[in-house]
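Hello,

Here is the structure I said I would pass on. Please open it first and read the notes below with it in view.

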Amino acid sequence: MRHLLSASDLDLASATSILDVAEEMQQVQSRPVKKLPALRGRTVVNIFFEDSTRTRTSFEIAGKWLSADTINVSAKGSSVSKGESLRDTMLTLDAMGVDAFVIRHPSSGAAHQVAGWVQAKVINAGDGQHEHPTQALLDAYSMRHHFRSIGSDGFAGKKIAIVGDLLHSRVVRSNVLLQRTLGGRVVLVAPPTLLPTGVETWGCPVTGDFDAALAEADIVMMLRVQRERMAGGFFPSEREYAEGYGLTEARLAAMKPGAAICHPGPMNRGVEISSAAADAANSLVLDQVAAGVAVRMSVLYHLLGSDEGAKQ
Amino acid sequence: MTTSSGSLLITGARLADGTRTDLYISNGVLADQASAPAGVERIDADGLLALPGLVDLHTHLRQPGREDAETVASGTAAAARGGYTCVHAMANTDPVTDTAEAAEYVQALGERDGHCQVRVVGAVTKGLGGAGLAELGLMAASSAGIRVFSDDGRCVDDSLVMRRALTYVKSFDGVIAQHSQDPRLAGPGACCHESEYSGRLGLPGWPSQAESVIVARDVQLAELTGSRLHVCHVSTAESVDVVRWAKARGIRVTAEVTPHHLLLDTPLVSNFDTTFKVNPPLRTAEHLEAVREGLADGTIDIVGTDHAPHARQDKDHPFDVALPGMLGLEQALAVVVDVMVNTGRMDWPTLVERMSAAPARIGRVVGQGRPLVVGEPANLVLVDPSARGVVDGAASASRARNNPYHGRDLPDPVVATIWKGGVTYRR
């Protein structure tokens, strides 16, 4: 694998391999000494043009536990304002001999553009409203764990309802693409103003009826709804949003037996998710965070671990 | 800036209507070929078409202000390579062309550096700010003799300001050339056509109706005021329909389409290549079909290039941040030949009307867009209708390299361009 820019870069074999190796990586997390030597001598630069706590930290830990030299660069604020183009910023760092960039950027497509410019490998850690492939992988990892825990295996036929601000969400785009590969059946739920143009071509049912989708869902994935969207007039009030599209206590009670809750975080308790649902026994939210490190270790290993250079 | 040599005899050319003729040029005008002296310099135009020099109503020359992207010299050299003998320099320079003095400065640059005639476009509002009118009357009365006014790059979105501008320019036969973009439906972040592509790519889109709602308002304001409205770079099927309706009503509206909106479509942005970021954005197939039909049936009067050179550093940004715009002067004729003529949708006389005669009329340019007959100014282009080639963006006369046709197999029609009797380009 040259880069991980989109969940569509993964075929079934490579996606499954990433999830399987992530299982092994998670074993390491329970050891007293968590370090593996796999990426010793490799340099991974986490360059974040947008704030992120969990993704950046999780990539940093993942790199360190694999013994890579991990450097965090906070590049928040547009490079335009610094008078430097994105291309120049990235070429400058690339010239220092970086093996991989983990890039987060507020603009859709930034990771794709960077991959065309630099020698290093590029992992997309979220680009604008486009994609977030490692989030989709850790979601899949958590779901797979959950399915196994209830004596079921595989994604085939499983119904995954993704609910909320689909328009601005990179998480939903990557999940739709990855589940198309893994075999899960995604149902999209959103108010009409938060549906992306052309969502009907994504190959998933789309509905505004959360309750109907909830009744059948094996996984209910709640997306964060940002408060500025309300200011933008996408919906009238938080109350109305929660009423139609929030995972309320009543909806928590209406979930199918064995169904579980995902949320990519950070959560707006009381808006898209009630506290009761966030902290429920069938909430996978903290499992997702733990899975984030293991999955990102696996991704780094798949991109850098098998190279000639990795063996020094 | 021309290699003018007094006189020139072009032999064996065909005119747009198919007539075969020799053209004798003397002192910058077409003269009686019987009067050509024996040893006169000749161009053998056997197998070539001789067309009136092309006229572009929509050109960004970037001077003054962004001479690193383009200058009057480089932009008009690109124009000459594209078969143009006249371009209209848009007002969104730095400083903005919103006073008589600024207009006369650009006019002087054109006279000094131009490889073709440079007509100056004045801003509609001060500083392109969309509020107070620029000095329209003084610009019209200046030595630049401005007749075309445009805030291009921005829409005159305030209905009242638009009404006043239309009313005001009527007294000196001016025309308001509008960049039609509703700033609310297509805000500053909107960077591609709102479609399944924008949805999948997560790029903020602008719907085709953000253009046509402004066109619909403006044609009604043109009817109200009795003034001339020109709709820049029509890119959508809905706008074509509105203009067709307005023309049927007798409203004084003209419309323009760019070469890129005739040929290039939305999927080209799928790799986030900022070369293909342009405003209005590249649209989908049904819109391309509509603007082609509009150009063929005359709903769309002209092809205007919207030649928009940008320095590399202004394109090497994320897609939503990179500046919009693409080159057009050098390949405009190639695109129109490819899309309209070679497909049988348009004949050569109609191409001359759309790319030379009509833009000259709209801009009230004297001595351009004229038939190639004795006594007319010698502004013409020699065209090889069958030549093709792969476009090499690096071979451009423009200072910029944001050429969306780079690597594309296209007609390569321009053999020579002659302005005021002098050869400004020869292959």
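Predicted model: local features only at pLDDT ≥ 70, side-chain atom pairs only at ≥ 80, totals over all residues.

Where the chains meet

Chain A puts 22 residues into the contact, and chain B puts in 19 residues. On the chain A side, the elements that give two or more residues are helix H3 (86–94), helix H4 (110–117) and helix H6 (170–182) of chain A. Of these, H4(A) gives the most, with three residues. By class, the side of chain A that touches chain B has 14 polar residues, five nonpolar and three charged.

Helix H4 of chain A

H4(A) also has a place inside its own chain. Is this helix enclosed or open? Six of the eight residues of H4(A) are buried, so the helix is largely enclosed by the rest of the structure. The buried residues are Ala110(A), Ala111(A), His112(A), Gln113(A), Val114(A) and Ala115(A). Their cover includes H3, strand E3 (100–105) and E4 of chain A.

The two domains of chain A

Chain A is divided into domain 1, which takes in 7–131 and 290–311, and domain 2, which covers 133–288. The C-alpha centres of these two domains of chain A are 25 Å apart. In the contact between them, 25 residues of domain 1 of chain A meet 22 residues of domain 2 of chain A. Which elements supply two or more residues on the domain 1 side? They are helix H1 (12–29), strand E4 (121–127) and helix H12 (285–305) of chain A. H12(A) gives the most to this side, with six residues. By class, the domain 1 side has 13 nonpolar, seven polar and five charged residues.

A helix pair in chain B

In chain B, look at helix H4 (residues 159–170) and helix H6 (residues 209–225). Their axes come within 10 Å and cross at roughly 45 degrees. H4(B) and H6(B) are therefore oblique to each other. The crossing of H4(B) past H6(B) is right-handed. From H4(B), the contact is made by Ser159(B), Met162(B), Arg163(B), Leu166(B), Thr167(B) and Lys170(B). From H6(B) come Arg217(B), Asp218(B), Leu221(B), Ala222(B), Leu224(B) and Thr225(B). Sorted by class, the residues of this contact are five nonpolar, four charged and three polar.

Regards

Notes: Residues numbered from 1 in each chain as written. Chains lettered and ligands numbered in written order. Contact = placed C-beta atoms within 7 Å. Helix = DSSP H or I, 4+ residues; strand = E, 2+ residues; numbered from the N terminus. Nonpolar A, V, L, I, M, F, W, Y, C, P; charged D, E, K, R; others polar. Domains from an automatic or database assignment. Axes fitted to C-alpha atoms, helices over the stretch in contact; angles between N-to-C directions. Parallel < 35°, antiparallel > 145°, perpendicular 65-115°, else oblique. Left-handed = near helix turned anticlockwise from the far one by under 90°. Buried ≥ 20, exposed ≤ 12 C-beta atoms within 10 Å, placed from the backbone.
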